[in-house]
Amino acid sequence: MFNRRSFLAGATLAGLAAPAIVRAQGLLRDFPFKLGVAAGDPASDGFVIWTRLAPEPMERHGGMPLANVPVDWEVASDTGFRDVVAKGTELARPELGHSVHVEIAGLQPDRPYYYRFTAAGERSLRGRARTLPAPGAKVEALKFGVAGCQHYESGFYGAYRHLAREELAFVYHYGDFIYEYQQDYLYDSGLPIRPVRRYAQRALIDLDDFRNAYAQTLLDIDQQAVRSVHAHLSSFDDHEIRNDWVSDIDNWKMGLDGNDPDAAPPEVFMLKKQAAMQAWYEHMPVRKALLPRGGMVAAHREFRYGDLMAMQLLDTRQYRSDQPCGDGFKPACAEVSGKDAQVLGKAQEDWLARNLARGGATWNTIAQQVTMMSLDRRRKPDEPAKILNLDSWAGYEAPRERILSRFAGLKNCVVLTGDEHQNFCGDLVLKDKVVGAEFVATSISSGGDGSDKRQGTDDWLQLNPELKFANDLRGYLVCEVGREAWQTHFMVVDKVTTPVNTLSKRATGVVENGVAGIRMA
Ligand code: FE
Ligand code: CA
């Protein structure tokens with residue numbers, strides 16, 4: 001069928017001798033905002049707004065001409081854009097996948113704003129984001145979401161539709177936004193089940209592959225819904241590059257003992273990481289300071305919510321020493337107590353110490369990726385020795401004790417974690433003293449439907465008295481923070497194998513101001 005747009009795009013591309021600026025209406029082959037819009041990294045006077053021009057998201061360069069394209073943006077105080085408070089133009093460059101990251105400033109604190117983009121005569125849908133309260137302002141209440149781990153094949157993103165309907169200041173995304181592999185088989189209650197949908201590629205190697213994985217994920221309408229209504233604090237974990245990577249080490253060991261011969265040597269892994277982190281940057285609503293440089297992303301950052309909460313967002317992958325004892329779930333070997341082991345690296349640890357020492361907030365929140373409690377992972381009490389998750393802080397006893405010692409000198413430390421694909425929470429204990437609380441958020445889809453209780457959960461809870469709750473359904477956390485108490489609601493969906501599902505509040509963990517540790521409501 002004759003299509004005016006593709007005819008014009010073809011004609012224009014053929015006529016392009018050198019990269020040129022595409023301004024005119026109708027020059028793109030199709031609607032360019034198919035990946036939606038997003039906002040992130042809020043401050044008291046603004047946030048980042050994001051979009052990526054991609055009329056054909058799964059094609060090379062998103063189906064865009066290899067030219068810079070101006071994108072007009074507007075921020076308004078009302079949904080109808082009658083009161084536009086900021087506007088401008090940003091170039092979408094082919095080198096960055098025609099993504100745009102606009103850092104908005106000069107807005108009023110603690111209120112919602114609306115934003116939209118226009119390019120080549122087409123207009124995006126409308127996004128919404130809230131600014132943070134003014135620094136140090138007296139704030140009595142905060143509600144925010146925690147989500148992540150969204151293997152595309154394991155389930156639909158119905159949980160995101162529910163999260164989009166919550167009244168929140170922002171969402172902390174702890175990572176595993178994409179996964180680098182197709183899932184050959186999934187199990188539910190010991191029986192094989194069919195993946196609900198397929199990743200476009202078996203594996204991700206170069207920039208184009210990683211871009212495609214993000215594009216496919218962002219074509220999901222529930223994913224777009226949640227990104228369009230809540231500012232996101234975006235992080236990455238392992239699957240944005242490769243399972244269990246740390247530093248420059250490709251730790252591919254899926255189901256194998258020892259190293260897989262497919263694992264890349266460090267110098268090759270760093271090239272792949274550079275491509276993966278570029279694609280991550282291109283698709284996340286993060287500030288320009290997070291553009292990868294030499295393959296590294298300056299991902300750790302602080303967000304303060306008036307005088308109520310100071311949140312330190314950590315990076316537990318880029319500066320970490322190799323997992324001890326060959327990684328995996330195993331009994332501890334001597335390496336677990338290695339004095340030189342690092343989780344955050346010295347520079348980030350010093351930065352964290354300075355930020356924690358500044359005080360000025362009722363709640364000290366640590367938003368990060370892997371479990372900080374050193375849990376016995378046995379599911380059967382007849383297994384002979386304590387088993388650790390060596391990819392978590394439990395595999396790094398010296399840095400774990402250092403961070404818990406800092407908590408011991410503070411009040412109201414709350415750690416937010418992902419990675420585990422199950423809900424649990426418990427007390428952070430240093431030498432028999434409770435020094436903080438940890439809430440581990442389940443996944444949006446990874447792991448499939450799940451069930452209320454994994455096999456062996458009762459034994460697991462009994463082996464670990466610091467654990468207060470465990471559950472194996474999908475969903476997200478809602479943290480309701482007040483002056484007197486912090487409540488974390490475990491919001492769960494009944495299933496992810498259907499696009500539409502039912503949400504319920506499974507449990508609430510409470511931390512009282514001045515009392516370290518969690519009690520279940
Ligand atoms: Fe995950
Ligand atoms: Ca992970």
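In this predicted model, helix 2 meets helix 4 through Gly158, Tyr160, Arg161, Leu163 and Ala164 on the one side and Ile221, Asp222, Gln223, Ala225, Val226 and Val229 on the other. By class, the residues of this contact divide into seven nonpolar, two polar and two charged. Helix 4 spans residues 221-229, and its axis lies 8 Å from that of helix 2, at an angle of about 25°. Helix 2 and helix 4 are therefore roughly parallel to each other, since angles under 35 degrees count as such. Their crossing is left-handed.

Helix 2 is largely enclosed by the rest of the structure, because six of its eight residues are buried. These are Gly158, Ala159, Tyr160, His162, Leu163 and Ala164. The partners against which the buried residues of helix 2 pack include helix 4, strand 9 and strand 10. Strand 23 (467-482), strand 24 (485-493) and strand 25 (503-512) are also among them.

Helix 3 contributes Leu207, Phe210, Arg211, Tyr214, Ala215 and Leu218 to the contact, while helix 5 contributes Lys272, Ala275, Ala276, Gln278, Ala279, Trp280, Glu282 and His283. Nine nonpolar, two polar and three charged residues make up the contact of helix 3 with helix 5. The crossing of helix 3 and helix 5 is right-handed.

The two pairs are set out below.

| Helix pair | Angle | Axis distance |
|---|---|---|
| Helix 2 and helix 4 | about 25° | 8 Å |

Turning to the metal site, which residues coordinate the calcium ion (ligand 2)? The donors are the OD atoms of Asp176, Asp237, Asp238 and Asp419, at 2.4 to 2.6 Å. Along the sequence, these donor residues follow the spacing D-x60-D-D-x180-D. Asp176 also bridges the calcium ion (ligand 2) and the iron ion (ligand 1), and the two ions lie 3.8 Å apart. Asp176 is placed in the loop between strand 10 (171-173) and strand 11 (186-188), and Asp238 in the loop between strand 13 (232-234) and helix 5, so the pair ties together parts that are 62 residues apart in sequence. Asp176 is buried, with a relative accessible area of 0%. Asp238 also counts as buried, because its relative accessibility of 1% falls under the 20% limit.

Two further loop positions may be described. Glu153 occupies the loop between strand 9 (141-147) and helix 2 (158-165). Is Glu153 buried or exposed? At 0% relative accessibility, Glu153 counts as buried. Leaving aside residues up to four places away in sequence, Glu153 touches Gln182, Gln183, Leu186, Pro195, Val196, Arg197, Arg198 and Tyr199. The C-alpha atoms of Glu153 and Tyr179 are separated by 9.4 Å, and the two residues are 26 residues apart along the chain.

Leu28 is found in the loop between helix 1 (4-15) and strand 1 (37-43). Leu28 is buried, with a relative accessible area of 4%. A separation of 9.2 Å is computed between the C-alpha atoms of Leu28 and Ala54, which are 26 residues apart along the chain.

Note on methods
Residues numbered from 1 in each chain as written. Chains lettered and ligands numbered in written order. Predicted model: local features only at pLDDT ≥ 70, side-chain atom pairs only at ≥ 80, totals over all residues. Heavy atoms only, no water. Left-handed = near helix turned anticlockwise from the far one by under 90°. Helix = DSSP H or I, 4+ residues; strand = E, 2+ residues; numbered from the N terminus. Contact = heavy atoms within 4.5 Å. Nonpolar A, V, L, I, M, F, W, Y, C, P; charged D, E, K, R; others polar. Donors = N, O, S within 2.8 Å, 3.2 Å for Na, K, Ca; no water. Buried < 20%, exposed > 50% of the residue type's maximum accessible area, 1.4 Å probe, protein only. Axes fitted to C-alpha atoms, helices over the stretch in contact; angles between N-to-C directions. Parallel < 35°, antiparallel > 145°, perpendicular 65-115°, else oblique.
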